[in-house]
Amino acid sequence: MDHGTVGSAQSGRLLVEVREAGSSAVVTPAGELDHHTADLLREPLEECLAKGFNRLVVDCSRLEFCDSTGLNVLLGARLKAEAAGGAVHLAAMQPVVARVFEITGAEAVFTVHDSLEAALPDGDAG
């Protein structure tokens, strides 16, 4: 399933990896997504959209924390993806992160999947 890392960005508290999986761009943030690290996720998401990927899958399996700033980054990416005819799919959220989406009602505007494999269209999982 290794399609190669397209790019990555890192701070002391957040690492973001990006790779292509068929028709999707898979973005994997690991660590804490907050006011101080939000741009480390925003920039790769915007780069994926600029490259023509309008289907973004955010693999949340390694995301340990997400505050309102992080949520806004994901909501912004969702709006841009939808404007391009696509969507942002969230996969494998940890309970602490899922709770933020539940409390704010944001889970209603995203397609949320239990696993990364479930978030990828048939054939893209490799």
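This is a predicted model: local features need pLDDT of at least 70, side-chain atom pairs count only at pLDDT 80 or more; totals for chains, interfaces and linings use all residues.
What span should the 13 residues of helix α1 (residues 38-50) have at 1.5 Å a residue, and how far apart are its end C-alpha atoms? The legends below take up this question first and then turn to other parts of the chain.

Figure 1. Residues are numbered from 1 along each chain as its sequence is written, and side-chain values use heavy atoms, with hydrogens and water left out. Helices (H or I, at least four residues) and strands (E, at least two) are DSSP runs, numbered from the N terminus. The expected span of a helix is 1.5 Å times one less than its number of residues. For α1 this gives 18 Å, and the end C-alpha atoms are 18 Å apart, which agrees. Just after α1, Gly52 has a positive phi of about 100 degrees.

**Figure 2. The protein chain as a whole.** Four helices and seven strands make up the secondary structure of the protein chain. Along the sequence they follow the pattern β-β-β-α-β-β-α-β-α-β-α. Of the 126 residues, 44% count as buried; buried means under 20% relative accessible area, exposed over 50%, and partly exposed in between (1.4 Å probe, protein chains only). Contact means heavy atoms within 4.5 Å. Among contacts in the protein chain with a separation of 6 or more, 64% are between residues 24 or more positions apart.

**Figure 3. The largest nonpolar core and the part taken by α1.** A nonpolar core is a set of buried Ala, Val, Leu, Ile, Met, Phe, Trp, Tyr and Cys residues joined through side-chain atoms within 4.5 Å. The largest one has 30 residues, and those with the most contacts inside it are Leu41, Leu45, Leu56, Leu74, Val88, Leu90 and Phe101. Elements that give two or more residues to this core include β2 (14-21), β3 (24-33), α1 and α2 (68-83). The largest share, six residues, comes from α1. The buried residues of α1 are Ala38, Leu40, Leu41, Pro44, Leu45, Cys48 and Leu49. Apart from neighbours within four places in sequence, Leu41 is in contact with Leu14, Val16, Val27, Pro29, Leu33, Val73 and Leu74. A second, separate core of seven residues includes Ala21, Val26, Val57 and Ala91.

Figure 4. Two strands pair if DSSP finds at least two bridges between them. The strands β2 and β3 run antiparallel and are joined by eight bridges. One of the residues in this pairing is Ala21, whose bridge partner in β3 is Ser24. Two residues lie between the strands of the hairpin, and Gly22 takes a positive phi near 65 degrees.

**Figure 5. Strand β6 and its two parallel partners.** Four of the five residues of β6 are buried, and the strand is mostly covered. With β4, β6 pairs in the parallel sense over five bridges. Here Asp59 has Ala91 of β6 as its bridge partner. With strand β7 (residues 111-113), β6 pairs in the parallel sense over three bridges, and Leu90 stands opposite Val112 in β7. The chain crosses from β6 through α3 to β7 in a right-handed β-α-β crossover. A crossover is right-handed if, with the strands pointing away from the viewer, the path from the first strand over the helix to the second runs clockwise.

Figure 6. Ala92 lies in the loop between β6 and α3. Most residues other than glycine have a negative phi. Phi of Ala92, however, is positive, near 60 degrees. Ala92 counts as buried because its relative accessible area is 17%. Neighbours within four places in sequence aside, Ala92 is in contact with Asp59, Cys60, Ser61, His113, Asp114, Ser115 and Leu116. The C-alpha atoms of Ala92 and Cys60, 32 residues apart along the chain, are separated by 5.4 Å. Ala84 is found in the loop between α2 and β6. Ala84 counts as partly exposed because its relative accessibility is 46%. Its C-alpha atom is separated by 8.3 Å from that of Leu49, 35 residues apart along the chain.
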